[in-house]
Amino acid sequence: MWELCVGAFIIICITHWVYRWRNPSCNGKLPPGSMGLPLLGESLQFFTPNTSSDIPPFIKKRMKRYGPIFKTNLVGRPVVVSTDPDFNYFIFQQEGQVFQSWYPETFTEIFGKQNVGSLHGFMYKYLKNMVLNLFGPESLKKMLSEVENTACRSLQQWSCQDSVELKEATARMIFDLTAKKLISYDSNKASENLRENFVAFIQGLISFPLDVPGTAYHKCLQGRKKAMRMLKKMLQERRAMPRKQQTDFFDYVVEELKKEGTILTEAIALDLMFVLLFASFETTSLAITYAIKLLSDNPLVLKQLQEEHKAILEQREDPNSGITWKEYKSMTFTFQFINETVRLANIVPGIFRKAMKEISFKGYTIPAGWAVMVCPPAVHLNPKKYRDPLAFNPWRWEGVELSGATKNFMAFGGGMRFCVGTDFTKVQMAVFLHSLVTKYRWRPIKGGNIVRTPGLQFPNGFHVQIMEKDQINQETEYTNTITN
């Protein structure tokens, strides 16, 4: 009898727990949706990759069933997902008052507890200004020739190979450039390969958070640990032997750490360095690879891009001189092309925030402490805003001026956390495209399937053969001679 009572009590407790899980308490009306399985929530469905270019099925299915705002549970955390442009705009505009930046604990473990995405208020603004010191417009003007030289050197090397896997090749190119500007790292001279650790990190970045040897998540954490160990060693060596003149971001960090009463710590500086290295090369290389694939599939777009950059060369007194800032700012169609590329790429399909207090919006109540996920793909592929949203059409941006995020375009984030590296990304993409379309041609060899996960999308195994224009002309002349 006693056993039956205990068993019944346990069943009642479990039933009550499951009920409370599926029906969270709220002072008002929660958005519709499902909290999924106890503990797991809907994490398994959320982390499932897909190969479509459309809105992720996890989001699209729930939008159709529940509407533009719905609730779910990811990795044990209640989350409200927003595909509503008005609510997204409200979230970004109210950061620091109603919302604050937040990411799941698994992301914090990966990027560091002191990473810039987890910091708020004055500390965040302080770090943002530090980064702008390196990637702001004035610094980019000085960096323009170096970005162009890097692109030209890489393209020349690739043209000597039978083919290159474009994502890997561009990632290596951008990582080397960024690491040089940040920490004066030279992969040819270094005793350890820093980028290999980032590759291991990236491969498990968006995976189920199971820290067991052999899993992608475990490899991700190990990659971060090794990369952080290398960065810490470099920083300590620089602090022991500081330079007289600042030549990279490490020098700037060392000077900040020396200041009396500084709020910067070594741990925060290292987490910042890690995030900057990751964000600057991984996302930009994805965007460039996707851009080249789109150009390969859209000859009319390529033709107009070539004409714009040919006109830039023709207007120069010396055709062999480098790109000027004025020429860069004149690349009107190039910027339209970049906007359309990142709209379709949706490299960051989820932006997380946390409600600091209870919120009411459009009849729904969001409890304090709940997470909110803004979903850019649903905004960028909204047929009410973008006609034929899955079509690649750079001309749709003609006459549109973008100085930041809008309700219908948030490829680089929004609000006070609008990506500080946006201009750096656009410079790298525009300069690379200029060098590519004016001096080279390419031919897709293999691959290019689009693989999407909740955190990243990339053209998988996109191999191209890159040839100099002169080489193509010589081959054509030789073929015509043999034919005649």
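Asp-84, Asp-86, Lys-362 and Lys-407 are joined in a network of salt bridges, a salt bridge being a side-chain nitrogen of Lys or Arg within 4 Å of a carboxyl oxygen of Asp or Glu. The model is a predicted one, in which local features need pLDDT of at least 70 and side-chain atom pairs count only at pLDDT 80 or more, while totals for chains, interfaces and linings use all residues. Residues are numbered from 1 along each chain as its sequence is written, and side-chain values use heavy atoms, with hydrogens and water left out.

By this rule, 21 salt bridges are counted. One of them joins the side chains of Glu-340 and Arg-396 at 3.0 Å, N to O; Glu-340 belongs to helix α15 (residues 332-345) and Arg-396 to the loop between α16 (376-380) and α17, so the pair ties together parts that are 56 residues apart in sequence. Helices are DSSP runs (H or I, at least four residues), numbered from the N terminus. Glu-340 is buried, with a relative accessible area of 0%, where buried means under 20%, exposed over 50% and partly exposed in between, for a 1.4 Å probe and protein chains only.

In helix α12 (residues 266-297), Lys-293 and Asp-297 lie 4 residues apart, about one turn of the helix, and form a salt bridge whose closest N and O atoms are 3.5 Å apart. Lys-293 is buried at 16% relative accessible area, whereas Asp-297, at 49%, counts as partly exposed. A further salt bridge, between Arg-238 and Asp-248, has an N to O distance of 2.9 Å, and both residues are buried.

Key: Helices (H or I, at least four residues) and strands (E, at least two) are DSSP runs, numbered from the N terminus.
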